[in-house]
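Subject: Model for you to look over

Hello,

Here is the structure we spoke of handing over. Please open it first, then read the notes below.

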Amino acid sequence: ALGLWLLALLALFHGLFRRLFSGLPANRTWSASLLAATATLWATVDSTSSAGQSLYWADGMIKYTAPLVLLTFTAALIIVRSSAQSGALSRTERIPGVVVCTLTALLMFICGGFSETTLALQMTAVVIALLLSWTAVGNRSLRHPGEVRLPIRLRHPGEVRLPIRLRHPGEVRLPIRLSRILVVSFMATAASVLVVCLAPGNAIRQAGLGPPAMAAAAIAKAIWYAALWPERFLVLKAPTAVSVFAAGWLVARLNPSSNVGVAVFQRRIIMCLLAAAALLTMSFLPTAYALNGFPPSRVLIVPQFVLVLAVLACGCSCAALACVTRPGSRTLRSFELLLFTLLIAAPLWSVYGTFQSHADAARYAMLWDRRDRRLRAAAQAGQLDVVLDPLPEHLAIPGVASGSPAEDALIARFYGFRSVREDRVHQRAVVFGAQKWSSILAAPETMLAVSRRILSRILK
């Protein structure tokens with residue numbers, strides 16, 4: 001799956017860089033694409049909340065990681081084939097619009113059925129792309145500000161003026177084919193939304209989860225979680241975040257034709273931040289509504305992928321902006337040297353940390369095997385009620401908190417016991433601790449409760 005995801009990212013970035021960096025040689029285009037693809041994939045896997053639940057657990061892999069791979073392939077298909085309209089591809093490489101639109105619609109409809117989280121992300125991304133393609137904001141952000149229009153006078157009584165626009169080599173025009181594919185993608189995604197919302201199993205599943213949150217409360221929680229998620233990435237995974245930023249910086253430095261106006265890069269940075277905020281909020285909204293709380297760890301690879309792409313894009317735009325405002329300065333060269341050092345050191349440190357966690361993994365395997373032997377021995381002895389020592393936190397059944405009634409019920413049903421409970425006196429969960437930042441996730445509820453208490457005292 002990771003290999004397919006890397007190929008999809010490589011195709012996506014190659015199509016984007018061919019469109020954005022027209023002056024970039026072919027070998028540099030592939031080098032920049034490979035750097036961006038590997039940095040994005042590594043940072044996503046390294047900084048997600050639980051790589052085990054998102055990659056190795058079948059339920060998390062199928063529902064959340066697989067649609068991200070398919071969406072990346074679909075985005076690469078849209079970018080590459082839409083370039084044929086502007087002459088980026090030869091005639092032999094062009095595919096008829098009907099074939100491309102049909103394939104895109106099928107992929108988008110299939111991707112929408114994996115989970116509500118990826119469906120919300122997909123719909124938001126398609127809507128943002130449509131708005132950028134239909135409005136002048138998106139066109140101006142990709143257009144060189146120095147373009148001019150020169151009138152040509154024909155010495156004839158019926159004189160007319162023909163405007164000629166001189167394009168900068170790096171200017172990008174949104175082709176008609178791209179808008180057509182985006183409309184098809186929106187229609188397919190809307191059909192997928194309709195099918196998911198009308199599925200008869202929604203009521204059954206929601207009955208097992210409890211009543212959903214109010215719409216306003218769910219939106220407030222989603223916004224709060226989206227605001228906290230970048231802070232978690234920048235504080236707890238600072239080397240990874242800096243490495244992704246450095247990768248985007250290096251990609252921009254490989255482009256020799258990025259000397260455009262400051263206003264263009266400022267618009268690109270603002271658009272990138274606004275789009276990332278919208279995508280992050282929509283990634284948290286489904287679980288904030290259905291679960292009335294923070295998403296499980298297996299879901300968090302979706303907003304993390306969005307955040308990594310946003311940091312990469314910001315690094316690329318900031319590098320191009322720095323080259324315009326302070327070209328060749330000593331401070332800029334020193335900053336680039338620091339970024340490139342971190343770009344090399346952070347992945348190596350990640351590999352070292354992975355090998356260091358081998359002892360913890362071996363200890364967990366030993367504890368799990370010991371528990372399994374005790375449970376099987378108790379079942380053979382005919383015991384009905386069993387007391388267990390708990391496993392370390394985050395290493396119990398995926399998606400279920402250690403020592404929770406849900407986990408106890410699953411264990412009892414699997415081994416044939418009447419009841420199973422854990423005695424935390426036997427062992428403390430110290431091998432893998434929970435991330436402390438998650439303790440502030442309940443801030444909206446806490447602030448609301450405090451506000452109500454203060455208001456009630458004032459009224460009294």
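**Salt bridges**

Arg 298 has a relative accessibility of 15%, so it counts as buried. Buried here means under 20% relative accessible area, exposed means over 50%, and partly exposed is in between (1.4 Å probe, protein chains only).

Before going on, the ground rules. This is a predicted model: local features need pLDDT of at least 70, side-chain atom pairs count only at pLDDT 80 or more, and totals for chains, interfaces and linings use all residues. Residues are numbered from 1 along each chain as its sequence is written, and side-chain values use heavy atoms, with hydrogens and water left out.

Back to Arg 298. It forms a salt bridge with Asp 59, with the closest N and O atoms 3.8 Å apart. The pair links distant parts of the chain, 239 residues apart: Arg 298 is in the loop between α12 and α13 (301-325), and Asp 59 is in helix α4 (residues 58-82). A salt bridge is a side-chain nitrogen of Lys or Arg within 4 Å of a carboxyl oxygen of Asp or Glu. Helices (H or I, at least four residues) and strands (E, at least two) are DSSP runs, numbered from the N terminus. Asp 59 counts as partly exposed, because its relative accessibility is 29%. Lys 63 joins in as well: Asp 59, Lys 63 and Arg 298 are linked in a network of salt bridges.

The count comes to 4 salt bridges. Another of them pairs Arg 376 with Asp 372, the closest N and O atoms being 3.0 Å apart. Both residues lie in helix α15 (residues 358-380), 4 residues apart, or about one turn of the helix. An α-helix has 3.6 residues a turn, so residues three or four places apart point the same way. Arg 376 is partly exposed, with a relative accessible area of 44%.

Asp 385 and Arg 418 also meet through their side chains, at 2.6 Å from N to O. This pair links distant parts of the chain, 33 residues apart: Asp 385 is in strand β3 (residues 385-388), and Arg 418 is in the loop between α16 (405-415) and β4 (419-422). Asp 385 is partly exposed at 41% relative accessibility. Arg 418 is exposed, with a relative accessible area of 59%.

**Whole chain**

The protein chain has 17 helices and 4 strands. Of its 460 residues, 41% are buried. Its accessible surface comes to about 24,800 Å², and 67% of that belongs to carbon and sulfur atoms. Areas come from the Shrake-Rupley method with a 1.4 Å probe; for residues, only the protein chains shown count as cover.

Contact means heavy atoms within 4.5 Å. Among contacts with a separation of 6 or more, 79% are between residues 24 or more positions apart.

**Helix α2**

Ala 43 sits in helix α2 (residues 26-47). It is buried, with a relative accessible area of 0%. Not counting residues up to four places away in sequence, it touches Thr 240, Val 244 and Val 308. Ala 43 and Leu 309 are 266 residues apart in sequence, yet 9.6 Å apart in space, C-alpha to C-alpha.

Ser 47 is in helix α2 too. It counts as buried, at 0% relative accessibility. A polar atom of its side chain lies 2.4 Å from the backbone oxygen of Ala 43. Beyond four places in sequence, Ser 47 touches residues including Arg 232, Phe 233, Gln 304 and Val 308.

Helix α10 (residues 215-236) has 22 residues, which at 1.5 Å a residue should span 32 Å; its end C-alpha atoms are 31 Å apart, so the two agree. The expected span is 1.5 Å times one less than the number of residues. Among the buried residues of α10 are Ala 222, Ala 226, Arg 232 and Phe 233.

Thr 281 is in helix α12 (residues 262-290). It is buried, with a relative accessible area of 19%. Leaving aside neighbours within four places in sequence, it is in contact with Ala 222, Ile 223 and Ala 226. Its side chain reaches the backbone oxygen of Ala 277 at 2.8 Å.

Best wishes

Key
A polar contact is a pair of N or O atoms within 3.5 Å; within protein, one must be able to donate a hydrogen and the other to accept it, and residues adjacent in sequence count only if both atoms are side-chain atoms.
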